[in-house]
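Morning, everyone. I have one structure to walk through today. Please have a look at it, and then we'll go from the whole fold down to single residues.

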Amino acid sequence: MSDVTTEFFAEVKATQMLWALFDSKGDGWVVADSTNFEDAESMPLWSTESGAQKCCVDEWSDYTPRQISVSDWLEHWFEELKDDGLLIGLDWQDDGECEELEVADFTQEIADLEKL
């Protein structure tokens, strides 16, 4: 696991929160073209609100950070996303660079962090 990935999961373990960008106009959550794989899409997630906020520029300027609890991810999000073929982009940077994981692999890591 890379340092970025390790830091991401350490922060999520401490806060039990993930952050994603939601369109204030009601168009939904940010999904972007993968920067690592052709013909794939990625849902960017951040370990901090401030990291997510930094990406609310240019084409994402109408989006705002919204928190997703670890328990909510495990209860609802995984089921919704597992068949969509999306990747999860960890702490996406405004230049699109990030490490990406498959939804199932990401969710397994999150499940290991959940505080019951």
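Four helices and six strands make up the secondary structure of this protein. Keep in mind that this is a predicted model. Along the sequence, the order is α-β-β-β-α-β-α-β-β-α. The radius of gyration is 13 Å, close to the 13 Å that the globule rule gives for 116 residues, so the protein is as compact as a globular protein of that length. Its C-alpha atoms fill a box of roughly 40 × 30 × 30 Å along the principal axes.

Of the 116 residues, 43% count as buried. Take the contacts with a separation of 6 or more: residues 24 or more positions apart account for 71% of them.

Next, charge. How many positive and how many negative side chains are there? There are 6 positive and 30 negative. The centres of those two sets lie 9 Å apart.

On to helix H4, residues 103-113. Which of its residues are buried? They are Val103, Phe106, Thr107, Ile110 and Leu113. Look down the axis of H4, and these buried residues fall within an arc of 110 degrees, so they line one face of the helix. What do they pack against? Two helices are on the list: H1, residues 3-15, and H3, residues 70-81. The strands are S1 (17-23), S3 (41-45), S5 (87-90) and S6 (99-102).

Let's zoom in on Val103, which belongs to helix H4. Its relative accessibility is 4%, so Val103 counts as buried. Set aside the neighbours within four places in sequence, and Val103 is in contact with Phe78, Leu81, Lys82, Leu86 and Ile88. For a sense of distance, take Cys56, which is 47 residues from Val103 along the chain. The C-alpha atoms of that pair are separated by 23 Å.

Where does Ser47 sit? Its place is in the loop between S3 and helix H2, residues 49-53. Is Ser47 buried or exposed? Ser47 counts as buried, because its relative accessibility is 6%, and the cut-off for buried is under 20%. Beyond its neighbours within four places in sequence, Ser47 is in contact with Phe8, Glu11, Val12, Met17, Trp19 and Asp91.

That's the tour. Over to you for discussion.

Notes:
Residues are numbered from 1 along each chain as its sequence is written. This is a predicted model: local features need pLDDT of at least 70, side-chain atom pairs count only at pLDDT 80 or more; totals for chains, interfaces and linings use all residues. Side-chain values use heavy atoms; hydrogens and water are left out. Buried means under 20% relative accessible area, exposed over 50%, partly exposed in between (1.4 Å probe, protein chains only). The arc is that of the directions from the helix axis to the C-beta atoms. Contact means heavy atoms within 4.5 Å. The radius of gyration is taken over C-alpha atoms; the globule rule is 2.2 Å times the number of residues to the power 0.38. Lys and Arg count as positive and Asp and Glu as negative; His and the chain ends are not counted. The place of a charge is taken as NZ of Lys, CZ of Arg, CG of Asp or CD of Glu.
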